[in-house]
Amino acid sequence: MDKKLNRKCERIIGVIGLGYVGLPVAFAFSQKNKVVGFDVNEKRIEELKNGFDYTNEICQEELSKQTIDFTHQLEDLESVNFFIITVPTPIDDLKRPDLSLLYAASKTVGQVLKKGDVVVFESTVYPGVTEDHCLPILEETSKLKLGDFKIGYSPERINPGDKEHTFSKIKKVVSACDDEATEIIAETYGAVVDAGLFKASSIKVAEAAKIIENTQRDLNISLMNELALI
């Protein structure tokens, strides 16, 4: 039987990966929660601590006022009970998805994962990756089983460089391994996303929604480029 999680506990947010997706997520949650921002790139961490963001998603003035605990040290994640993984998923030379960073992030979280924790993936993946690839890594590394902790998927919808449609102003798709986890994830994101939420029926549906959104965007860009040539 699934173990019940404490829905009323304080959510300490850990954002894994602080690129153009992760940093705005960490910044938004820091307005309401304690946030640990983790990245394996030590230079990136030092720059953020000094108020510099090379992605230009967060300005220096905003960074100087933030309360995020930026770190590359694994032990700083031990207090986190709500993990959000936002690492990139590029493609290789053969146009195949390169999930190595996602696997590495899953292993990192697995090393500090505790009973009652929640792990949400935001990285762009094809349907099945969260449950069939990332979950086994979490279980193997943590020596826990699904039910001891919960997983979910909430696709990133950040539009890089767009200062109008920011993280809190874009409707958030959320999904999870069961109804209880869906409610926990929805409540947590709902506290910082003003545009509202859509609860997908399953993790695979949410993963597919992200692929469809990316496909639609890329097709529209391609069409406009062709029309421009004409």
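**Close-up 1. Helix H1 and its burial in the predicted model.** Helix H1 covers residues 22–29, and because eight of its eight residues are buried, this helix is largely enclosed by the rest of the structure. The buried residues of H1 are Gly22, Leu23, Pro24, Val25, Ala26, Phe27, Ala28 and Phe29, where buried means under 20% relative accessible area, exposed over 50% and partly exposed in between, computed with a 1.4 Å probe on protein chains only. Helices (H or I, at least four residues) and strands (E, at least two) are DSSP runs numbered from the N terminus. This is a predicted model, in which local features need pLDDT of at least 70 and side-chain atom pairs count only at pLDDT 80 or more, while totals for chains, interfaces and linings use all residues. Residues are numbered from 1 along each chain as its sequence is written, and side-chain values use heavy atoms, with hydrogens and water left out.

**Close-up 2. Aromatic rings around Tyr189.** The count comes to three aromatic pairs, given that rings of Phe, Tyr and Trp (its six-membered ring) pair if their centres lie within 6.5 Å, with planes under 30 degrees apart counted as stacked, over 60 as edge-to-face and the rest as tilted. The rings of Phe29 and Tyr189 have centres 5.4 Å apart and planes at 70°, so this pair is edge-to-face. Since Phe29 lies in helix H1 and Tyr189 in helix H6 (residues 179–190), the pair ties together parts that are 160 residues apart in sequence. Both Phe29 and Tyr189 are buried. The rings of Phe82 and Tyr189, with centres 6.3 Å apart and planes at 70°, also form an edge-to-face pair, and this pair links distant parts of the chain, with Phe82 in strand E4 (residues 82–85) and Tyr189 in helix H6, 107 residues apart. Phe82 counts as buried at 0% relative accessibility, and the relative accessible area of Tyr189 is 0%. One aromatic cluster is formed by Phe29, Phe82, Phe167 and Tyr189.

**Close-up 3. The surroundings of Ser154.** Ser154 lies in the loop between strand E6 (150–153) and strand E7 (172–176), and this residue is buried, with a relative accessible area of 0%. A polar atom of the Ser154 side chain lies 2.6 Å from the backbone oxygen of Val173. Leaving aside neighbours within four places in sequence, Ser154 is in contact (heavy atoms within 4.5 Å) with Val120, Phe121, Glu122, Lys172, Val173, Val174 and Tyr189.

Close-up 4. A pocket is, on a 1 Å grid over the protein atoms alone, an open set of points with protein on both sides within 12 Å along at least five of seven lines, whereas a cavity is a set of points where a 1.4 Å probe fits but cannot get out; lining residues have an atom within 4 Å of a point. The largest pocket has a volume of about 650 Å³, and of the 32 residues that line this pocket, the closest to its centre are Thr86, Val87, Pro88, Thr89 and Leu101. Helix H4 (100–110) and helix H7 (203–229) each supply at least two residues of that lining. The second largest pocket holds about 400 Å³ of space, and of its 20 lining residues, Phe27, Ile58, Thr166, Phe167 and Ser168 are the closest to its centre. H1 provides the largest share of this second lining, three residues.

**Close-up 5. The largest cavity.** About 60 Å³ of space lies in the largest cavity. Its lining consists of Val25, Glu122, Pro155, Glu156, Arg157, Ile158, Thr166, Phe167, Ile170, Lys171 and Lys172.

Note on methods: Points joined across faces, edges and corners; volume = space filled by probe spheres on them. Polar contact = N/O pair within 3.5 Å; in protein donor to acceptor, adjacent residues only side chain to side chain.
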